[in-house]
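Colleague: I would like to go through this model with you, pockets and charged pairs included. Could we start with the surface?

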Amino acid sequence: MKICEMFRSVQGEGITMGSVTFFIRTAGCNLSCSWCDTKYSHKGGEELSVREITERTKDDRNICITGGEPLLQDDVYDLMDALLKEGKKIVLETNGSVDISGVPASKDLIISMDIKCPSSGMDGKMLKSNIRYMKSTDQLKFVIADRSDMEYAGSFISSHETECNIILSPVGGTDIRSLAEEAVERKMNVRVLPQLHKMIWGNKRAV
């Protein structure tokens, strides 16, 4: 499978934020979000086998498979199965436009699925039927740029029943005060979270 980069850092997003994690970033994406911060992963990449990848993760417990869009690559399912057999805990980050029904339904695998808001330019690409496959331990993530995004997120949450964790994060990942204040004012049943890795290291690769 095509791999853009692999590195060890702390998880910067979602309910496992702060956990020391080994990141596997696949190459290639089917979306082009206006504010994407990993556009470098959309092309190129090194062809690696599942065995070559798992050899790199042997000393790590927490694994994040991200992109790009990992589910575009057929081998990613073999990779997830192999990692689960080794007792790893996985976070799979997916952009919400690809069918997730084939993702292993394991207690040791968290699906972190985006719902793209209007500012991304990709809100029409969402596969809303994916919601039915989300477990209570999974997470839906909305990246919020402005009031129209907030209205979109609120409407989506109220019209799609799910027990999974719901996360709001600001575009850019760090300017969180106004988003937090609005979520409180609206009495939303969500978590408002920054991107921790950007607060620590800034907007750079492999962190």
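**Surface, pockets and salt bridges**

Modeller: Trp-201 is partly exposed, with a relative accessible area of 40%. The model is a predicted one.

Colleague: Which residues are closest to the centre of the largest pocket?

Modeller: The largest pocket holds about 720 Å³ of space. Its lining counts 41 residues, and those closest to the centre are Glu-13, Asp-37, Thr-38, Lys-141 and Gln-195.

Colleague: How many residues of the lining of the largest pocket are charged?

Modeller: Elements giving two or more residues to this lining include strand 1 (2–10), strand 7 (139–144) and helix 5. By residue class, the lining of the largest pocket has 14 nonpolar and 16 polar members, and the charged ones number 11.

Colleague: Which element gives the largest share of the lining of the second largest pocket?

Modeller: The second largest pocket has a volume of about 170 Å³. Two elements give two or more residues to its lining, helix 3 (147–159) and helix 4 (177–185). The largest share, 3 residues, comes from helix 4.

Colleague: How do the residues lining the second largest pocket divide into nonpolar, polar and charged?

Modeller: Among the lining residues are Ile-144, Met-150, Asp-175 and Glu-182. The division is 6 nonpolar, 1 polar and 4 charged.

Colleague: Which parts does the salt bridge between Glu-5 and Arg-25 tie together?

Modeller: The closest N and O atoms of Glu-5 and Arg-25 are 2.8 Å apart. Glu-5 counts as buried at 10% relative accessibility, and Arg-25 counts as buried at 10%. Their positions are 20 residues apart in sequence, so the pair ties together strand 1 and strand 2.

Colleague: Is Lys-116, the salt-bridge partner of Asp-114, buried or exposed?

Modeller: The closest N and O atoms of Lys-116 and Asp-114 are 2.7 Å apart. Both residues belong to a network of salt bridges that also links Glu-13 and Lys-141. Asp-114 is buried at 12% relative accessible area. Lys-116 has 6% relative accessibility, so it counts as buried.

Colleague: What separates Arg-177 and Glu-181 along helix 4?

Modeller: Their side chains meet in a salt bridge of 2.9 Å, N to O. Arg-177 counts as exposed at 62% relative accessibility, whereas Glu-181 counts as partly exposed at 44%. Because the two are 4 residues apart in helix 4, the separation is about one helical turn.

Colleague: Which residues does the cis peptide bond join?

Modeller: Gly-68 is in the loop between strand 4 (62–66) and helix 2 (75–85). Omega of the cis bond is about 10 degrees, and the residues joined are Gly-67 and Gly-68.

Colleague: What is the phi of Lys-187?

Modeller: Lys-187 is placed in the loop between helix 4 and strand 9 (191–192). At 76% relative accessibility it counts as exposed. Although Lys-187 is not a glycine, its phi is positive, about 55 degrees.

Colleague: Where is Ala-206 placed?

Modeller: Ala-206 is a residue other than glycine with a positive phi, near 55 degrees. Its relative accessible area is 38%, so it is partly exposed. Its place is in the segment after helix 5.

Key. Residues numbered from 1 in each chain as written. Predicted model: local features only at pLDDT ≥ 70, side-chain atom pairs only at ≥ 80, totals over all residues. Heavy atoms only, no water. Buried < 20%, exposed > 50% of the residue type's maximum accessible area, 1.4 Å probe, protein only. 1 Å grid on protein atoms, 1.4 Å probe; cavity = no way out; pocket = protein on both sides within 12 Å on 5 of 7 lines; lining within 4 Å. Points joined across faces, edges and corners; volume = space filled by probe spheres on them. Nonpolar A, V, L, I, M, F, W, Y, C, P; charged D, E, K, R; others polar. Salt bridge = Lys/Arg side-chain N within 4 Å of Asp/Glu carboxyl O.
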